[in-house]
Structures are given as C-alpha cells and as structure tokens.
Amino acid sequence: MSRVVVVHGVERQLDTAETMLAEIAPALRGGVGLALRRDPTLGRLSDDDIACAGYGDLYRQTGTRGEPYYRAEDVEPGFEAELLETWWREAARLDPGIPGPDTGGPDDTGAGPAARGALGHLASRPLSVDRVRRALHALTRTRFFGAVSDRLLISNLKQVRRYFTEPELRDAVRARTAELITSDTRVVVGHSLGSVVAYEVLCALRPERPPLTLVTLGSPLGLAGLVFDRLQPAPQQDGTGIWPAPVKHWTNVADSGDMVALVRELAPRFGPEVLDLLVDNGSETPSAFRTWSVGSGWVGMDSVQGRERWVWFVRSSGSWRWLVPSVLGLLGAREKRVREEIAALREEAERVQAALGDAERSLQRLVDARATVAEVLAEPSSSVAEPERGAMAGSPVPHRSEGMPASVLAADYQRIVSVLESAGREGMRCRQLAVALGLQAVPAKVEGVRSKAKRLVERGWALQMRPGVFTALAVSAG
C-alpha cells in the first residue's frame, strides 16, 4: 500500500493515474535522493510507496477526447466570471505592466475604486464578453499563465466551478482519492484544486487512524467566498477552517507569483499549526501549472520513518532547487505562532481584568447598600412617637437627661462612649474608632460604627466636632 498519495489539480483531463505516476514518482524519488546527500539517515522511496489519484477523466464529456473549443462567450456569469476577475486583479497587482480591471477598456470608460474588489464590481454589473476578452488577454501575458491558451484557461475556470457546484462530480472526485488512502498512508500531497480535494477527503477520515502529514502546493484553500466558504465541512462560525482530524502536520507551499493561490498563507485561516512556506519559482517558468505539477516539480521527503523532518525540492526549468526552510525561517514561523498566542492571551487577560473590575464595583455597591440599610434600620420609625426626654423602653440609646449615667446604654454604645472619652478633645474619626473597638477597618464595619456614633449624637451622648469626627459630650463641654 502507498505511503504517499498525490492529488493533482486542473488540466489533467487526458491523463490517467498511471501516466501521471510515471512523471510524479521519479520527481519524488529524485527529491529524496538529493535529500540523502545532505542527510544519509533519511530513508528511500520505492515504486510502491507512491500513488496518484487520477480524476481528470470525470471532467471529459462522453464520447469526446479533448476539451471543447471554448471562447470568451463561454465564460458563465457568477462563479466563473468572479474567479476570472479575481485572477485578473491579482495579476495586475503582481505586475504593474498588466492592465487591471479598473483601467477601462472598450466596454468600460472607467472604473470605480479598486478597493471595491472583484466581487463588489461584479455585483454592480455582469462581466461582458469584451471584459472577458480583456481579462483573458491580460492573464495570458503573465508569467504564471503565459503558456496557457484562452481555451485552456476557460477550461480551468469551468473545472473549478463544476467541482463546487456539481455534487455528484465532487463526490466522485473525492472517492478516487479516498480509496487510495489506507492505514499505511503517511503523506498526502495536494496541488491546486487537488489540495481542496485532499483537504475535504482528510476531513472525512476517522480521527483515530494513524496520523498524516498534509502538503498543499499552490493551494486556493484560503480564497474567501469562491473556495474557503464553499468547503465541506464548512468553516466554523468564527471564520476558522476545520482542521482535518487525522492530520498531525500541515505544510503549505506557495509561489510568490501564483495567481491561483491568491491567499498564500493558510495559517490565518486554519490555525497557526500550518507551516506556510513562500517560494519563488523563477521567471523562466513557462507555466506555474506545469511547474508545480507532474514532471516539473514536486517535493522530496523523509521516507516516513516516524521522524518529523521534511525536506522540499522543486524542479524548475530542468534543475532542482533546495527549498529546505532555513533555521531562521523555522524560527520565524515559530515566532509568528508564539506572537499570535501572546496576542490571544493578552486579549483574554484584558477580558479577565475587565470582569474583575466589574466584580469589585459590584462588591462595593453591595457593601455600601448594606451599610445604608443598617443605618436606616437603626433609625426610629417616623410612625412611633419618641418621648422628649428620658429613656425609651427597649431602646439601646435613650435620650440623655441630667444625671443619667452611661450604664443605661447598650453594651456596644457604652464602649463607644468610653473610647470617645479617652480620645480627649481631638476626637476620633470613624475608622480610628472602629480600630479602637477591635473591629476590622473595612467599609462595612466602619459604616456601622459611624451609624452608632451619629445615634449617640442625636440622643445627646456625644458631639460631632466636624464631619466624620466625634468626641464624648463631657470632654467637649468641659
């Protein structure tokens, strides 16, 4: 059974799994061979270790061998037109020499702000045939699509559109890949549209199977709207893509000039565990489809011996180039993940700090309310007539009359009077008084003492010299 399964992208309608394997297998084995020169401990790949999932024939019309002769008029509105204009805008962004959609043309005397984006522009009006021709003309002048004819470019648009809009075709394509992934498989490599197929197949696998490594090349998985939001399973509500449960490691490789991999970093979409590697396929590449696809370039790898080391080679224009991430590159990737973790922790810390502040304010309001209620309850009811002088039956603080001793007061009020008398003429603040009474200087205790001191003032047993400062009546009067 195969330990490495490769899933191709568009443009392979006339190939079978066997014909593609004849090109892919030497490229992979060659990459491993070069890796062995740098690290002899790496294992080798045999012919039986590699399998290719071929599904191009599913796109062919019955009874035909090749593609129809597509013209600009055959680009359908909706998905195909949106994807074409998205590629066009990216081409103009990468190469200032390429006229963009907003430069005007035979069907367009001018354009709105570029910031509206392809989808916003298309929402305002359909892509006319003249505009399609302009887009095709611009794209075929780029390094990426330079060797691709209009007919083939339109065919690529239709293949992508059909995968996302024809459920039966989508299921058949995924079935071709799923049948090759066994318990012996350790690596799945997906290129272009094949990365979407590989991702969806891996998401459907049992999580308890042996762990896998996913390698995506020139992947459009991060393209919002047209691809990312159409994935199965759909992204989570927070906008994060589902992580395929059996996948332990995910490396994404994108060419800096790739117009299919419009979103070249997948970590922001699928999580910091994705290792994004940006490469330059060179200006001599005749077609990025061929550069990344069979025969012109793939990846060399550690021969799945339980180690977690992977080495990458991409062949361009007949020569191999070493693309092993440098130590600084790996440190940079790790630093990026740690920074994201720190940002998340800081956000959580701010949330906790805000919640703590709310809780402390709630506590203070409760303390204040309790002190207020205690003070209100300590006051006499307005409906009960108090005697003008003399002791009140059952009252802890009777009105003081001439010659009335402090012993008529309740025990806690006697203690307050005694402490105030010992304080002398300077008097005491409520907090000091609370401490002198052996109480904790917390708001609830201090407010309780304040309420009792005011009661003594009202009943003639103490004086309030100034706000918050109390003294015994005898001391002040003397």
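Analyst: Happy to! We begin with Glu23, which is partly exposed, at a relative accessible area of 33%. Its partner in a salt bridge is Arg12, and the closest N and O atoms of the two are 3.5 Å apart. Glu23 sits in helix 1 (residues 17-38), while Arg12 lies eleven residues away in the loop between strand 1 (4-7) and helix 1, so this pair links distant parts of the chain. Arg12 has 12% relative accessibility and therefore counts as buried, since the limit for buried is under 20%. Keep in mind that this is a predicted model.

Why do such pairs form at all? Side chains of opposite charge can pair when their charged atoms come close.

Next, look at Glu90 and Arg264, whose side chains meet in a salt bridge of 3.0 Å, N to O. These two are 174 residues apart: Glu90 belongs to helix 2 (residues 79-94), and Arg264 to the loop between strand 5 (247-255) and helix 8 (267-270). Both Glu90 and Arg264 are buried.

Now turn to helix 4 (residues 129-139), where Arg133 and Asp130 are three residues apart and so are separated by about one helical turn. Their side chains form a salt bridge of 3.1 Å, N to O. Arg133 is partly exposed at 39% relative accessibility, and Asp130 is partly exposed too, at 35%.

Salt bridges can also join up: Glu76, Glu80, Lys158, Arg161, Arg162 and Glu166 are linked in a network of them. For the whole model, the count comes to 25 salt bridges.

Key: Residues are numbered from 1 along each chain as its sequence is written. This is a predicted model: local features need pLDDT of at least 70, side-chain atom pairs count only at pLDDT 80 or more; totals for chains, interfaces and linings use all residues. Side-chain values use heavy atoms; hydrogens and water are left out. A salt bridge is a side-chain nitrogen of Lys or Arg within 4 Å of a carboxyl oxygen of Asp or Glu. Helices (H or I, at least four residues) and strands (E, at least two) are DSSP runs, numbered from the N terminus. Buried means under 20% relative accessible area, exposed over 50%, partly exposed in between (1.4 Å probe, protein chains only).
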